Amino acid sequence: MLPVTTDLRDDCLVITVNHPPVNALSHAVRAGLVEALATARDGMRAAIIICAGRTFFSGADISEFGKPPQAPSLPDVLAAIEDCPIPVIAAIHGQALGGGFEVALSCDFRVMEAKAKVGLPEVNLGLIPGAGGTQRTPRLGGLDIALQLALSGKPIPARLAVEKGLADMICQNDLLADALAFSHRGDLAKRRVRDMPAPDMDETVFERWKSHAAKRQRGQNAPQAILEAVEAATALPFDEGLAKERELFSGLVGGAQSRAMRHLFFAERLSGKLASPVHAEPKTINTIGVVGAGTMGVGIAASALAGGYTVALFDANPDALANGRGRIDGIIKGDAKKGRISPAEADDRHKRLSVLEDWSGYASCDLIIEAVFEDMDVKNEVLAKIDAVARPDALIASNTSYLDIDALAASISNPERVLGLHFFSPAHIMRLLEIVRGAQTSDEALTTALALAKRMRKVGVVSGVCHGFIGNRMLSGYGREAGLLLLEGASPQEIDKALLDFGMPMGPFAMGDMAGLDIGYMNRKKLDPALFEERASRVHDRLVEAGCKGQKTGSGFYTYDPETRAASPNPLADEIIEQVRAEAQVTPRSISAEEIVERCIFALINEGAQLLGEGIAQRGSDVDVVYANGYGFPRYRGGPFCYADEIGLDHVLARIEAFGQSNPRWWTPAPLLQTLAENGGRLGTYTPE
């Protein structure tokens, strides 16, 4: 079937695109559109571009990026729309994103279904709109909405699109019928956006969005290019502004940042699929039980409600249960107040949440997730109680960050129905969900967990069983090197600044203060000393023992102003650092920012390569997904493995070998890294056989 067909209805040329699954603007679609538009003739009332399936054009076909262009290009399609002798109406349902919205902008009019959205998400791929999005949007809607769409990358609903002048009508019934009715307007005539006057430069608006980009998109190249392109729309004739936009787009599309962000785009879609196919269908989940009404339980329950599930919450402490229920209600009300959900949806979520009086209430649940204290004995006790009341077909999951899922499953009568679901805090906000497959976890449980992640709008990544799974096992090396660098002579401020400048959202010591230094302290007390470098955490431990647990106590590695929360160096921390160095007979040395970054980031890469070689991760790109979504690794670097591939595995290997000369215990190169470096392979695309 041809992806583009035409039909003459009511004196209108109806151009229908049917290119599943999301009507991406591939070469075949572009060619079909140009051919269809060429059939337009004087005497026809209008041409209507409409899409079959679940959405209008989802955007450009990004699999074509980096390949030789095939005519007609997207700009060729837009020129054909503008040169069409009759008015062209875009009939939008679903989403018109990126190149899809640029198609709509090149039309003379735009009608939208009430639930439809439009947007310019290119910044999420390290790009700017490349076919007039930065030039037409400000002409139609003004400077503010143009910068909002292009810099945030977030779509806006039909109501706001009409309010801002980006669309002309919201359809009430049948989209095509309403578009045909719209074509009967008496004033219908060609109305090219390119011919509209450019908006005047508003320095207040421009500086506000410039400040927003500097704060929210630190280190990224695309936001600055967007600002330049939109500024050009206010100062240059349309064709010159279009040329400027294309120049900026071309400079980004071949750059490292866009390559990295496109890598993550595909990696996140791949992570939700099993590397080895299974034949089990996901189990139907309607009701989810959550055990524990603390921070994690509340976040998990809120996520499940957002995913459309019915949730049953229980905590053995009645006060904690009441408090947890109140916090979930607060999350729902907050989302409604901010316009993220409708009042009707908020009411529905409230109704789908219930609190249980005792364990017996879990008998009606399809999936039960324990989210109690991170202690093996506590979790085993809770799992045994769940097992006693749960239906034989119900799945049981542990929200654990480190613990052995196989050991936990041993306390369940049927370990095939047990798996790990490691949510990241705050669970209702963080996108990552590590799905931990135990030795006996069934294929049905695994496929169900992946479907659960998708429905909750989480990025699910499957991990095997090891201490800390993918993310926290790698994190141990990152934290270890930060602690050793501190011992060797670098200050907390120097280490934090080097990694902040690299692109991490916070340095390791500021992060430790925010999370609470006592959390790591308590975890280390339970660990086998062979699993970590005790010297790297001596300063942390002594700070905790001195009552400096981080932001919660007003001081840790830093002190915090009680009103502004502004951080300053903690003199007591400096004293403890000097004391620990003296005890270890270390002569402090000057350490460069380059060494700080290499030791911390290359520790992530080496440990990740080790676990990938062991088969803990399904594929190299999954490691990048974990770190970009759970640990704040800069998306414009694509994740630890993508970054290693970009700078060269031979360089990474050489530096790891050099570090091993002084610390062979922790710096033995992972065999997989060594093999790939010697054979020209890439970590970010490697899948274990």
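Tutor: We may, with one definition first: two strands pair if DSSP finds at least two bridges between them. Please keep in mind that the model is predicted.

Student: In what sense do strand 5 and strand 7 pair?

Tutor: Pairing requires at least two bridges, and strand 5 and strand 7 (residues 117-119) have three bridges. Within this pair, L97 stands opposite G119 in strand 7. The sense in which the two strands pair is parallel.

Student: What is the order of the open sheet of six strands?

Tutor: The pairing in this sheet is mixed. Its edge strands are strand 1 (4-9) and strand 9 (169-171), and the twist from one strand to the next averages 25°. The order of the six strands is 1-2-3-4-6-9.

Student: How many bridges join strand 1 to strand 2, and which residue stands opposite T5?

Tutor: Strand 1 and strand 2 run antiparallel, and six bridges join them. At another position, the residue opposite T5 is T16.

Student: Which residue in the turn between strand 1 and strand 2 has a positive phi?

Tutor: The two strands form a hairpin with two residues between them. Most residues other than glycine have a negative phi. The residue in this turn with a positive phi, of about 50°, is D10.

Student: Which helix lies across strand 1, strand 2, strand 3, strand 4, strand 6 and strand 9?

Tutor: The helix in question consists of residues 175-182 and runs at about 150° to strand 6. The helix is helix 7.

Student: Is N23 buried or exposed?

Tutor: N23 lies in the loop between strand 2 and helix 1. Its phi is positive, about 55°, although N23 is not a glycine. Because its relative accessible area is 2% and the cut-off is under 20%, N23 is buried.

Student: Is F469 buried or exposed?

Tutor: F469 is found in the loop between strand 17 (459-463) and helix 18. Its phi is near 55°, a positive value in a residue other than glycine. Because its relative accessible area is 0% and the cut-off is under 20%, F469 is buried.

Student: Which residue does a cis peptide bond join to A71?

Tutor: Most peptide bonds are trans. One that is cis runs from P20 to P21, with omega near 5°, and P21 is in the loop between strand 2 (12-17) and helix 1 (27-37). The bond at A71 is also cis, with omega about 0°; the residue joined to A71 is P72.

Student: Are helix 19 and helix 24 roughly parallel or roughly perpendicular to each other?

Tutor: Helix 19 (residues 492-502) and helix 24 (residues 593-613) pack with their axes 9 Å apart, at an angle of about 75°. Among the contact residues are I495 and L499 of helix 19 and V597 and I601 of helix 24; the contact divides into nine nonpolar residues, no polar and one charged. Because angles of 65 to 115 degrees count as such, the two helices are roughly perpendicular.

Student: Which residues of helix 22 are buried?

Tutor: Helix 22 covers residues 538-545, and just after it G547 takes a positive phi of about 90°. What covers the buried residues includes helix 18 (471-488) and helix 20 (508-515). The buried residues are V539, H540, D541, L543 and V544.

Definitions and conventions:
Residues numbered from 1 in each chain as written. Predicted model: local features only at pLDDT ≥ 70, side-chain atom pairs only at ≥ 80, totals over all residues. Heavy atoms only, no water. Buried < 20%, exposed > 50% of the residue type's maximum accessible area, 1.4 Å probe, protein only. Helix = DSSP H or I, 4+ residues; strand = E, 2+ residues; numbered from the N terminus. Contact = heavy atoms within 4.5 Å. Axes fitted to C-alpha atoms, helices over the stretch in contact; angles between N-to-C directions. Parallel < 35°, antiparallel > 145°, perpendicular 65-115°, else oblique. Nonpolar A, V, L, I, M, F, W, Y, C, P; charged D, E, K, R; others polar.
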